[in-house]
Amino acid sequence: MAWFKREIKGIITTTEEKKEAPDGIWNKCPNCKKPLHYSEQVENQYVCHYCGFHLRIGSKEYFSVLFDDNQFTELFSELHSGDPLQFTDSKKYSDRLKETKNKTGLTDAIRSAVGKMNGQDIVIACMDFNFIGGSMGSVVGEKIARSIDHSIQNKIPFLMISKSGGARMMEAAFSLMQMAKTSAKLALLSQAKVPYISLLTDPTTGGVTASYAMLGDINIAEPGALIGFAGPRVIKETIKKDLPKGFQTAEFVQEHGFLDFIVDRREMKEKLASFLKMLAPAGGAKETTKAE
């Protein structure tokens, strides 16, 4: 027996009366394929509550997770990429930059900000994969360098969140120069005895991995993040051998001694705050309390 009987044939709802869910309300977990509502993603800090898969997020989401009450001051937002080589592939680099800026609302593949994390001052530089694959160009290197200078001048710990496909080919040697530039700045940060924590997220590859991403006083990663220099396919074709299971995952990298910890995003803020307390010099800046 049918549960209902259609009395009138055909669809009688007009197009104007149809209601559709707005874009961005629902997402699908890439791992378990189950639907995730946006409010559930925010509440669970963009981690699938079914399987624990860490969704790819950008600087906006990381800042909301790590900064107290999502309050921060953005640094060096006026920096924009140029086109020093007048590069053209399938389209002009200048046009690609313009389109990407309009699409993402970002000025480049990184944002820097200063704020408080559990009451402690911190400078965070976070990469955005949506901006030309999170590629490292001149602006990325310059923002990191200036963020480090800000940390040194104010004796504030520096957190770098890496998420990148590597160097930006449209800037060629200008991009590769950022590896040496950022590494030199981090050496100055170390000399100043200001803590540097490097957080590697999915994916962290290429020249980023070969420079600042692996130079932290503490190197940590999110579960399952892809971390490596060349991609698995390139390595397999080069050595002509099958790669080990889980090759270039955060767990594999930690097992081989290149990471200190793997931390769930939902515990990230508390873990980072604990690290900063341990690294803080005796008699240094204290936590801000409500009483103060």
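**Notebook: cysteine site and nonpolar cores**

I began with the UniProt record, an unreviewed entry, which places the feature "binding site" at Cys-29, Cys-32, Cys-48 and Cys-51. These four span 23 residues in sequence, yet no two of their C-alpha atoms are more than 8.8 Å apart, so they gather at one spot. I note that the model is predicted.

I next looked up Cys-29, which sits in the loop between strand S1 (26-28) and strand S2 (35-37). With a relative accessible area of 0%, Cys-29 is buried. Beyond its neighbours within four places in sequence, I found Cys-29 in contact with Lys-34, Leu-36, Cys-48, Cys-51, Phe-53 and Leu-55.

I then turned to Cys-51, in the loop between helix H1 (38-43) and helix H2 (59-66). Cys-51 is partly exposed, at 34% relative accessibility. Leaving aside neighbours within four places in sequence, its contacts are Cys-29, Asn-31 and Cys-32.

I went on to the nonpolar cores. The largest holds 37 residues, and Val-140, Ile-144, Phe-158, Met-160, Tyr-212 and Ile-227 have the most contacts inside it. Among the elements that give two or more residues to this core are helix H3 (93-104), strand S4 (110-117), helix H4 (138-154) and helix H8 (250-255). H4 gives the most, with four residues.

For Ile-227 I listed the residues it touches, not counting those up to four places away in sequence: Leu-200, Thr-204, Thr-209, Met-214, Ala-221, Gln-248, Ala-250, Val-253 and Leu-259. Last, I recorded a second, separate core of 23 residues, which includes Ile-124, Cys-126, Leu-159 and Leu-272.

Notes: Residues are numbered from 1 along each chain as its sequence is written. This is a predicted model: local features need pLDDT of at least 70, side-chain atom pairs count only at pLDDT 80 or more; totals for chains, interfaces and linings use all residues. Side-chain values use heavy atoms; hydrogens and water are left out. UniProt positions are given in the numbering used here, feature names are shortened, and annotations may be inferred rather than shown by experiment. Buried means under 20% relative accessible area, exposed over 50%, partly exposed in between (1.4 Å probe, protein chains only). Contact means heavy atoms within 4.5 Å. A nonpolar core is a set of buried Ala, Val, Leu, Ile, Met, Phe, Trp, Tyr and Cys residues joined through side-chain atoms within 4.5 Å.
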